[in-house]
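This report examines the structure shown below.

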Amino acid sequence: MLRILAKLMMQGRYIAGALALAFVIAIAAPVSAQQPSSVNPTASAVQERQLLQELNRIQGRVSIPDTKSDVLEQPAGREWRQWHQVTLRWIGAIAILGMLALLVVFYLVRGQVKLESGFSGRKIVRFSAVERFVHWLTATCFVVLAVSGLNVTFGKALLLPLIGPSAFSTWSELAKYSHNFLSFPFTIGVVLIFLMWLGSNIPNRTDVEWVKRGGGIIGHDHPPAGHFNAGQKMIYWIVVLGGGASAVTGYLLLFPFYGTGIADMQLAQVIHSVVAVLFIAAMLGHIYIGTVGMQGAFEAMGEGTVDVNWAKEHHSLWLDQERARAGAAGAADAQRRATAAGPAE
């Protein structure tokens with residue numbers, strides 16, 4: 001009897017083990033069946049690297065109207081960040097520092113462009129009060145926009161370590177608001193400059209000859225020029241086209257996603273920043289010539305008048321036109337006075 005009971009207990013152990021194994025398999029089978037063959041983007045424990053191997057972006061589902069917010073990360077965003085933080089800084093540094101270095105070398109080699117015939121003491125009106133107001137309005141806004149814009153690209157790397165987080169945050173906030181609000185008068189100034197001086201800035205054959213002869217800057221030759229010479233015309237079109245491109249792309253960034261997507265915003269920022277740093281480099285050359293680079297040039301925009309000898313050396317064709325116009329006006333005035341006086345007795 002004892003032998004039979006022992007056999008039954010041995011067989012019961014085998015049966016219990018088989019039942020336990022079957023139970024484990026039954027539980028594990030549904031779990032295994034639910035495992036996907038590829039990465040599930042909605043799983044809570046999915047690795048970012050796995051997702052990027054499966055998809056070109058991390059994207060989920062949102063219930064709000066702004067469907068752009070369902071994109072959490074996109075590879076193009078990382079490429080744009082690399083461009084903004086590395087490539088743009090190189091472009092800006094080469095353009096701006098390169099221009100400054102070139103101007104320093106040019107000044108050391110050429111020196112200031114002197115008025116060779118000396119000052120005559122006689123003045124002629126170069127720019128009206130309205131023209132000078134528009135110029136200085138645009139120039140002042142440009143300086144603030146340039147400094148505040150460069151802070152976006154270089155401030156964190158250069159200025160933050162010098163003044164600390166608190167001061168840098170205050171300065172950056174002030175720069176941001178200045179950049180945004182002064183963009184409006186700057187744009188108005190660019191439009192007015194375009195309208196005021198368009199007729200005097202159409203390229204012609206005189207400009208070709210002016211460039212061939214160095215424009216009075218290289219050497220001591222003084223080729224004839226009209227109201228604006230070829231160099232000034234180049235600055236004019238840089239202001240109009242560069243300022244226009246900066247304004248359009250800047251407003252796309254200031255008012256985001258009005259008819260634009262994420263890729264459009266990234267493109268607008270690339271164009272805005274590249275045009276801006278090249279614009280700044282060009283204006284450094286303009287500022288140099290208008291101040292320390294050429295004797296008597298600043299008075300044109302500072303006072304509105306220039307010395308007659310300065311006009312004769314740098315804008316002889318314009319001076320001849322002004323003299324002819326003044327002579328015609330004087331003759332017409334004399335004729336009116338004679339007519340008003342009546343016939344002589």
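Predicted model: local features only at pLDDT ≥ 70, side-chain atom pairs only at ≥ 80, totals over all residues.

Methionine 283 illustrates the packing. When its neighbours within four places in sequence are set aside, methionine 283 is in contact with Phe142, Ile235, Ile238 and Val239. In soluble globular proteins, nonpolar side chains tend to be buried together.

## The bend in helix H4

Helix H4 spans residues 129-181 and has 53 residues, yet its end C-alpha atoms are only 25 Å apart. A straight helix would reach 78 Å at 1.5 Å a residue. Where does H4 bend by about 120°? The bend lies at glycine 164, and proline 165 follows within four residues.

## Aromatic pairs

The count of aromatic pairs comes to ten. In one of them, phenylalanine 142 and phenylalanine 279 have ring centres 5.0 Å apart and planes at 55°, so the pair is tilted. Because phenylalanine 142 lies in helix H4 and phenylalanine 279 in helix H8, the pair ties together parts that are 137 residues apart in sequence. Both phenylalanine 142 and phenylalanine 279 are buried.

Tyrosine 177 and phenylalanine 181 form a stacked pair, at 6.4 Å centre to centre and with 20° between the planes. These two residues are four apart in helix H4, and therefore about one helical turn separates tyrosine 177 from phenylalanine 181. Tyrosine 177 counts as partly exposed because its relative accessibility is 41%, whereas phenylalanine 181, at 56% relative accessibility, counts as exposed. Elsewhere, ring pairs link Phe106, Tyr107 and Tyr288 into a cluster.

## The chain as a whole

The secondary structure of the chain consists of eleven helices and four strands. Of its 345 residues, 30% count as buried. The chain exposes about 22,000 Å², of which carbon and sulfur atoms supply 68%.

What share of the contacts between residues at least 6 apart in sequence joins residues at least 24 apart? For this chain, the share is 73%.

Technical notes
Residues numbered from 1 in each chain as written. Heavy atoms only, no water. Expected span 1.5 Å × (residues − 1). Bend = angle between axes of the 7 residues up to and from the residue. Contact = heavy atoms within 4.5 Å. Buried < 20%, exposed > 50% of the residue type's maximum accessible area, 1.4 Å probe, protein only. Areas by Shrake-Rupley, 256 points an atom, 1.4 Å probe, with all protein chains shown as cover. Phe/Tyr/Trp six-rings, centres within 6.5 Å; stacked < 30°, edge-to-face > 60°.
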